Amino acid sequence: MREIFQPFVKLLTLMVGLLMTISLLTAFLIGVVIFVFSGGSLPSFKNQSAIQSVAMEAENYRGVAPKEGMWNAPDWSTVEEEANAEDIKYGRELIVNTSNYLGPNGKVKKMSNGMNCQNCHLNAGTAPLGNNYGAVASTYPKVRARSGQMEDIPKRINDCFERSLNGKTLELNSKEMIAMVAYMEWLGKDVAKGEAPKGSGIYELAFLDRAADPIRGKSVYAQNCQSCHMENGEGMMKPDKTGYIYPPLWGEHSYNNGAGLFRMSRFAGYVKTNMPLGASFENPILSDEDSWDVAAYVNSMPRPKKDITKDWPDIAKKPIDHPFGPFADEFSEEQHKFGPFKPIKESKEKTSK
Ligand code: HEC
Ligand code: HEC
């Protein structure tokens, strides 16, 4: 009798074995799929520098998608086609990591406050409405009312060094100046001369009907800014002290009172479309009121002072929100600093008619 069953027993053992192998294999495959989809990655043979450069691109891009018709920087991968590609690349590096080269411990020269140009000119000066350089090559040289002089790109760069980076000027014929100018000219190479493309520079935020309120701004700051820029406004240094993780908004390492951001409209417009980090023109986080009020709070806090008595030689050309007299109109310094700006604007339009 046994002999009769033996082939069946063998067959059964074989089938059970096969079934177990199949289920083990399936379990293994499911495991791999789950691992990969949950963000894990299998070891790959890609070289390390390729992986790093992809990561850097993602870090620099910050997810800001340009709106239809807005200025867009040329494709970075085409830079190698340029005769001065090395200058352009060094120029970009200086905008991104200014402090490494020209900060308090800069390896080229010690001449500025530790901030990077990119802290204010986001994504190396390419972010739509992130105070980008889209209109620089096309609109300079030009006469600027602040200095009353003809300014070219190097002069304008040095303005930011002396004010926004509360530092000294860079020699005009230095390798660094030549590189930064080369980068800005390359960025603007497709923009028609004289044109300021849509999405370039800083967003022009509508004026409020009231004055901006620093007290209300303090609570906007506590809720939306303090987690990164810190309660004392001084930001957070990298552990190796070569620059900032979160740059300062006031205090001795911040921009001085002659800087663009010290004007309420520049600060409020910048913040509306860029801060807290992750905000954009399409997806702003702060309301207009919050943006103006936080500007009033931050620009009421202590910061370095610059002698700006020679600025705006023609006082009639002072911008509405330039907070230092004398003025060509009857409005107070206080109103020129915090607003309401609409009456000043209207009176200016009347007198210019
Ligand atoms: C603290 C913020 C801040 C930092 C840091 C900063 N800038 Fe600026 N920059 C500004 C503001 C604000 C403006 C004026 C924008 C406006 O008026 O619309 C400006 C304007 C400029 C412009 C003229 C743009 C135009 O379209 O007219 C250039 C060029 C420039 N900066 C270069 C630099 C360079 C180079 C650095 C680094 C060495 C730098 N900036 C660092 C805030 C900053
Ligand atoms: C999640 C962190 C984070 C929050 C929250 C945040 N910021 Fe920033 N902010 C940054 C970083 C990082 C930079 C520099 C960006 C760069 O270098 O690419 C910056 C830059 C700035 C700058 C220009 C550089 C400077 O230091 O002057 C201003 C102005 C600014 N932030 C204002 C604000 C305000 C106002 C708020 C609140 C409404 C805010 N930020 C909230 C991270 C943050």
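Colleague: Which element gives the largest share of the shell around ligand 1?
Modeller: In this predicted model, helix H8 gives the largest share of that shell, with 4 residues. Helix H8 spans 153–162, and helix H5 (117–120) likewise supplies at least two residues of the shell.

Colleague: And which residues come nearest to the ligand?
Modeller: There are 23 residues around ligand 1, and Cys 117, Cys 120, Cys 160, Ser 164 and Gly 260 come nearest.

Colleague: How do the shell residues divide into nonpolar, polar and charged?
Modeller: The shell holds 14 nonpolar residues, 7 polar ones and 2 charged ones.

Colleague: Which domains does the shell draw on?
Modeller: Domain 1 (83–201) and domain 2 (214–351) each contribute at least three residues to the shell around ligand 1.

Colleague: Changing topic, which residues touch the most other members of the largest nonpolar core?
Modeller: Those are Met 180, Tyr 183 and Ala 295, in a core of 54 residues. Among the elements giving two or more residues to this core are H5, H8, helix H9 (175–187) and helix H13 (288–298). The largest share of the core, 9 residues, is from H9. Each of domain 1 (83–201) and domain 2 (214–351) provides at least three residues of this core.

Colleague: What does Met 180 touch?
Modeller: Leaving aside residues up to four places away in sequence, Met 180 touches Gly 91, Leu 94, Ile 95 and Ile 157.

Colleague: Finally, how many helices and strands does the chain have?
Modeller: The chain has 15 helices and 4 strands. Of its 353 residues, 34% are buried.

Conventions: Residues are numbered from 1 along each chain as its sequence is written. Chains are lettered from A and ligands numbered from 1 in the order in which they are written. This is a predicted model: local features need pLDDT of at least 70, side-chain atom pairs count only at pLDDT 80 or more; totals for chains, interfaces and linings use all residues. A residue is near a molecule or strand if its C-beta atom, placed from the backbone, lies within 6 Å of it. Ala, Val, Leu, Ile, Met, Phe, Trp, Tyr, Cys and Pro count as nonpolar, Asp, Glu, Lys and Arg as charged, and the others, Gly among them, as polar. Domain bounds come from an automatic or database domain assignment. A residue is buried if 20 or more other C-beta atoms lie within 10 Å of its own, exposed if 12 or fewer, and partly exposed in between; C-beta atoms are placed from the backbone. A nonpolar core is a set of buried Ala, Val, Leu, Ile, Met, Phe, Trp, Tyr and Cys residues joined through C-beta atoms within 7 Å. Two residues are in contact if their C-beta atoms, placed from the backbone, lie within 7 Å.
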